[in-house]
Structures are given as structure tokens and as C-alpha cells.
Amino acid sequence: HQHGREEGRTTTTHMPGTLQRIFDYSARADPYPLYAELRKTPVARQEDGSYVISTYREITTVLNDPHLSSDARHLTRPPMPSAEEGVTSSFIHMDSPEHDRLRRMAMRHFGPPHTPGLVTGLEGFLTATVGSLIDGLADKEQIDVVDDFAFPLPVTVICHLLGVPREDEPRFHRWVNDIMNSIDYNPETDPKEKLDKGVQARMDLRQCLGELVEHRHGRPGDGLLSRLANDDAPDGRMADADIVATARLLFIAGHETVVNLITNGMLTLLRHPQVLQRLRDEPDLVVPLVEELLRYEPPVQIIPWRAAYSDITVADTAIPQGSQIMLLLASGSRDPKRFHDPDRFDPDRRDNQHLGFGSGIHLCFGAPLARRETQIALAELVRRLDRPRLVVDPPPYRRSPVLRGPIHLDIEQGDG
Ligand code: HEM
């Protein structure tokens, strides 16, 4: 592979398709050697004019640079025409100051420093939900950590957080499932129906949330939908369309990510039996362990794009306005310039400022919930499963290199 400087200003990769190699399914089970190779060119221009950034320092610089936009309208070539023209977008795709205002309004309800935060209030619910899911596994010799445990958990939690009525929950599970499957669409092998179902599910989810919000006006209650619909915050009240967009964002951002973190966590523990045993003996280890997982096997491997508002320079590389910039978070979190012995899974690691939740103004909004949910899930799985063993290693992965995780994780337990 050749890396070169063109006209002394831009680092170009001539290798046919760094992007292709990232998207190639054969790299999914272990993408880390590829990232190590890509880090030799921290800011790599691609043949299509986009840029791939793979080193810790450059990724954090870009994510904290106000010249970068999360709004696709600032891309010269938007990545994909949206299937949902005219739908209010959520704050993950907005820039300051609109982003900051909406995020602040939602954040008020989410946790410290505004108490009683929704997340602290969720502790009992999380423990009970995890407990009852594991009750259903206790007698089975073989279980799929994804289908039997990790997949149902986060939708249940987000429904509860929002205050979705219990009887509506099965519909939400189905919609989230259809949306996630459509995100993982394979144009070569999957029927188009898989995509259509995703589009339909997004519409149904939006419509149902809209009706719920309308119904909440004048009925203050504990769920986030009620709180937002009735809140007179310093920033004013959130418009209904923004409440719906925010609620949809929570389902999409807070589901698959948590599924993957739990599943990657079980997989990593089963590959490191001494750590698993330690976790059984010292349950508090789960706190640093989840941080290390977010560094070592992060669910969000890649931020697929930021748009350059204006011409910028990153690590001596000029990036023209309108360019698409892809950030390899998972590579940054394995950068040996930032982390000692980065390919070692070490829950005792100090100063673990990983990129698992991103960085800058869009830093994951659900991080306190994601952490607590995963801590309780892993601690309980390890405590209650009987001598769990992997059936296949590596397990089959979902297609996406962006939200990366096993599609199934079969384990045996007991005398098997
Ligand atoms: C943003 C990761 C769980 C809600 C992000 C971003 C990352 C991330 C990397 C930054 C995206 C960007 O900069 O473009 C994760 C991981 C999770 C997780 C690894 C689980 C382990 C959750 C949960 C929720 C959530 C449980 C909510 C219930 C959000 C929201 C944003 C976000 C609303 C947008 C924040 C903003 O634009 O200001 N997440 N997330 N996430 N996440 Fe998470």
C-alpha cells in the first residue's frame, strides 16, 4: 500500500478502497489489525474525496472542533437520501446552538445534577428486569445471549424511561427489531422487504410516539414524555415534533449499542476466564470493567461522518469545506500513542479516557444509563450462569462495521 503526499498538502491513500476494507465483512470479527495499519496515516484522503481519521489525538481534535458539522446538509455529497424527507431531525444531527438547547432540555430529566434524575430512579427497575430475564435462562443448557437476554433488555428500559404504556410495549419491541434489521441490510442477499419493514416501522414508531405525546399534555407524570410535554424549563417547552424526534433518537441510539456492549462484554469475559472469575469474586470490578470494554470492544466503532463547515487542517492535512470525515473511534481507543499495551484487555487500566461514547458536544447523552444497564447485566449474568462456555468463537457478527457486534452469541452452561 502506498501512502503519499500530494502537492505537499494532502495525504492520499492509493490503496483501492480503505473504505472497502473497513466495510469488508471478513474484517468484522477482528477489525483491529486493519485499524493498526490505518493509523500509519492518521488523516487519510480517500478516492471519493472523503477522509478517514484513525488516531486518538486527531479524532478528539476533530470532535471538539466547532468547524465540524453533524448536519448532512453541510456535506457536498450527502451520504444517502433520507427515506424520511420533511421529518424533524433529532439533535444528534444538529449543530450549536439548536443542538445545545434541545439536548439541555432533555438532559434536565436525565440525571445529576438535576435530581431526582430518571437514571438514579431506574436502579430498582433495571435490577428487576435483568433478574427476570435471567430467571428465564437459569434452566437452559444452551442460550443465545443476544436473543434471550441482551436484545429485549434495552427496549424495555427505554419504554419505561419514556413512560410508554405497558400494553404498547410489544409493538415497540417489534418496531425496534425491524429498524435494527433494516440498518443491517445486505443488498446482495436480503429481500427488499427487510428495508421496507424498517421504513414502515420508523413511521409507525413516530406516529405512536406522536399520539402518546399529545395525550400527555396537561397530564404530568413520571415518564420522560410527560415531563417534556409539560415542562416549563428555562429554555421554554419543547415542541411536540422535537419530543417525538428525541424519543425516537433514544430508541435508535440506546438500543443496539447496549445490546452490543452486553454481548461484547460476555464474549470478552468468556475469552478471559481469569477476569470472569475475578468479577464473580469482586462484583465492584464491573465498573472499571465496563469502561475497559468501551475501549477494547466498543459498540460504536465508527462515526460515519462529520461535515467540514469550512476548509480545515488536521495534522497538516488540508480538508476542504463540504468534505465527509469518517472517525474510527475504535481505532483511536487502541492507539498505542495514547494507551499503554492497547490490545490487552485490562480492567485495572488507569486513566481510561476511551472514545466509546465519542467526545465533544455530542458525547453520548445516555452514557450514565448505558453504563448502569450494562454493569447490572454483566454482574448478574456472571453471578447466575453456571460455568458458561462459548459454543463458537468467533461468533457470527452483524454486517455493520459502524455498530459492530455479534448477531448471536451461543453459550452452554451447566454439565452441558
Ligand atoms: C450519542 C455511543 C447508549 C443516547 C452517542 C455517540 C456515541 C454513543 C459514540 C456520539 C455520536 C456522535 O458524536 O455523532 C453509545 C454507546 C452506548 C450508548 C457505546 C451503549 C453502550 C446510549 C443510550 C442512550 C443514548 C442508552 C439513551 C437512552 C444518545 C444520544 C446521543 C448519543 C441522545 C446524541 C447526543 C448528542 O447529539 O448530543 N452515543 N451510546 N446512547 N447517544 Fe449514545
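Here are some friendly notes for a first look at this predicted model.

1. **Ground rules.** Numbering starts from 1 along each chain, following the sequence as written. Because the model is predicted, local features need pLDDT of at least 70 and side-chain atom pairs count only at pLDDT 80 or more, while totals for chains, interfaces and linings use all residues.

2. **Confidence.** The predictor's confidence in each residue is given as pLDDT, from 0 to 100. Its mean over the chain is 91, and 92% of the residues reach 70 or more. Please be careful with residues 1-15, where pLDDT stays under 50; for this stretch the model has 25 contacts beyond four places in sequence. Two residues are in contact if their C-beta atoms, placed from the backbone, lie within 7 Å. The model scores are ipTM 0.98 and pTM 0.93.

3. **Around the ligand.** The shell holds 25 residues, of which Gly 254, Gly 358, His 362, Cys 364 and Gly 366 come nearest. A residue is near the molecule if its C-beta atom, placed from the backbone, lies within 6 Å of it. At least two shell residues come from each of helix H11 (240-253), helix H12 (256-271) and helix H16 (367-384). Helices (H or I, at least four residues) and strands (E, at least two) are DSSP runs, numbered from the N terminus. By class, the shell has 17 nonpolar, seven polar and one charged residue. Here Ala, Val, Leu, Ile, Met, Phe, Trp, Tyr, Cys and Pro count as nonpolar, Asp, Glu, Lys and Arg as charged, and the others, Gly among them, as polar.

4. **Arg 271.** This residue lies in helix H12. Arg 271 counts as partly exposed because 14 other C-beta atoms lie within 10 Å; the cut-offs are 20 or more for buried, 12 or fewer for exposed, and in between for partly exposed, with C-beta atoms placed from the backbone. Arg 271 and Asp 240 are 31 residues apart along the chain, and their C-alpha atoms are separated by 47 Å.

5. **A helix pair.** The axes of helix H5 (residues 123-135) and helix H7 (residues 152-162) come within 11 Å and cross at roughly 150°. Axes are lines fitted to C-alpha atoms, for helices over the stretch in contact, and angles run from 0 to 180 degrees between N-to-C directions. Phe 125, Leu 126, Thr 129, Val 130 and Leu 133 of H5 make the contact with Pro 152, Leu 153, Thr 156, Val 157 and His 160 of H7. This contact has seven nonpolar, three polar and no charged residues.

6. **Backbone details to look at.** Most residues other than glycine have a negative phi, and most peptide bonds are trans. The peptide bond from Ser 96 to Pro 97 is cis, with omega near 0°, and so is the bond from Asp 393 to Pro 394. Asp 341 has a positive phi of about 50° and sits in the loop between helix H15 (329-332) and H16. Asp 341 is exposed because 8 other C-beta atoms lie within 10 Å.

7. **Pro 42 and Ala 315.** Pro 42 is in the loop between helix H2 (32-38) and strand E3 (43-45), and is buried because 23 other C-beta atoms lie within 10 Å. Beyond its neighbours within four places in sequence, Pro 42 is in contact with residues including Ile 53, Glu 58 and Ala 315. Ala 315 lies in the loop between strand E8 (312-314) and strand E9 (317-319), and has a positive phi near 45°.
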